[in-house]
Amino acid sequence: MKKLIFSIIAVATVFGSQAQLLWKVSGGDSKGDSYLFGTHHIAPASVLDTTPGFNDALNSVSTVYGELEMAEMTSPDMQQIVMKHSVAPADSTLSKLLTAERVDSVNSILAKYTGGMLTVAAVDMMKPTVLDTQLGMFQNMVAFPEFNGQQQLDMVIQSKALETGKTVKGLETMDQQLSMLMGGPLSEQAESLMKSVRNDEKSIEYAKLLAAAYLAGDLAKMQEMFNDPDVGMSEASAKRLLYDRNDNWVKQLREVLAVDNVMVAVGAAHLIGERGLIEQLRKAGYDVTPVK
């Protein structure tokens, strides 16, 4: 634990003055200056106050793009969309996919976070990814204990944009996103859930270090951590959750940047690496530079 705390302090100290969550996109066929901002879906909204240039960048654009248009979350059809993607077939419920021993293991971890209020039986009809995602939320909330669900970072950014008369759009719909998140084979989802259960303590440490790297704006450290064989992303998951989506988003942005000044606020993982938005936009002829 001392080693973990030291590591967090070290990351924050070394990189804290060089945060690179906000990037300017210019040149090429762009209409003017646009921006990329990397979010963390559990980080406190106060990160916006400590990101140099964020407010000026937001004020200078006409449109804000998120992964989703967050207002979709309150649409009357949303519950039906969520249920369509998250409910498993009757012959593949959690109690049928998991052995009794595995159910006990999952319940033990859930009890740690919810005091027994959430159990496998209570969500038996849901796909394993639903529980896996919830477990990841619990682990990340240990890293960000100040997280307020009413002030989720992506939502706050879009709300700020709307308050100042800007247009808000999503790069994908909730239906598209849930299809991607929940669409994998149920057997693979079950194995991913059990991997999360087995690595719970390591995942918490990982979440804390990732939180420190995010707050420090250290995208290189984040990329290194995503390659962790135990709790990082597999190549298949990275392709499905990041790379394929990045490719689609860049196609959209190349059309948008020529006619509009925009801020793109998406998960920071989408910015990093050779197939991240930063490098892909550079290869497309744009200048992408950190805002200091």
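Start by selecting helix H6 and helix H10: Leu135, Gln139, Asn140, Val142 and Ala143 in H6 meet Asp200, Ser203, Ile204, Ala207, Lys208 and Ala211 in H10, where contact means heavy atoms within 4.5 Å. By class, this contact of H6 with H10 has 6 nonpolar, 3 polar and 2 charged residues. Ala, Val, Leu, Ile, Met, Phe, Trp, Tyr, Cys and Pro count as nonpolar, Asp, Glu, Lys and Arg as charged, and the others, Gly among them, as polar.

The model is predicted, with local features needing pLDDT of at least 70 and side-chain atom pairs counting only at pLDDT 80 or more, while totals for chains, interfaces and linings use all residues. Residues are numbered from 1 along each chain as its sequence is written, and side-chain values use heavy atoms, with hydrogens and water left out.

H6 covers residues 128-143 and H10 residues 200-215; they pack at an angle of about 55°, with their axes 8 Å apart. Axes are lines fitted to C-alpha atoms, for helices over the stretch in contact, and angles run from 0 to 180 degrees between N-to-C directions. H6 and H10 are therefore oblique to each other; angles under 35 degrees count as roughly parallel, over 145 as roughly antiparallel, 65 to 115 as roughly perpendicular and the rest as oblique.

Ile109, Lys112 and Tyr113 of H5 make the contact with Asp200, Glu201 and Ile204 of H10. These residues divide into 3 nonpolar, no polar and 3 charged.

Next, select helix H8 (residues 174-182) and helix H12 (residues 235-256). They pack at an angle of about 140°, with their axes 10 Å apart. The contact is made by Gln177, Met180 and Leu181 on H8, and by Arg240, Leu241 and Arg245 on H12. By class, there are 3 nonpolar, 1 polar and 2 charged residues.

Now turn to the strands. An open sheet is formed by 6 strands in the order S4-S3-S5-S2-S1-S6, with mixed pairing; two strands pair if DSSP finds at least two bridges between them. Strand S4 (167-170) and strand S6 (287-290) stand at the edges with a single partner strand each, so one side of each is left without a neighbour in the sheet. Neighbouring strands are turned by 20° against each other on average, direction ignored.

Ser26 has Asp287 in S6 as its bridge partner.

Finally, show the whole chain. There are 13 helices and 6 strands; helices (H or I, at least four residues) and strands (E, at least two) are DSSP runs, numbered from the N terminus. The C-alpha trace spans about 60 × 45 × 35 Å along its principal axes.
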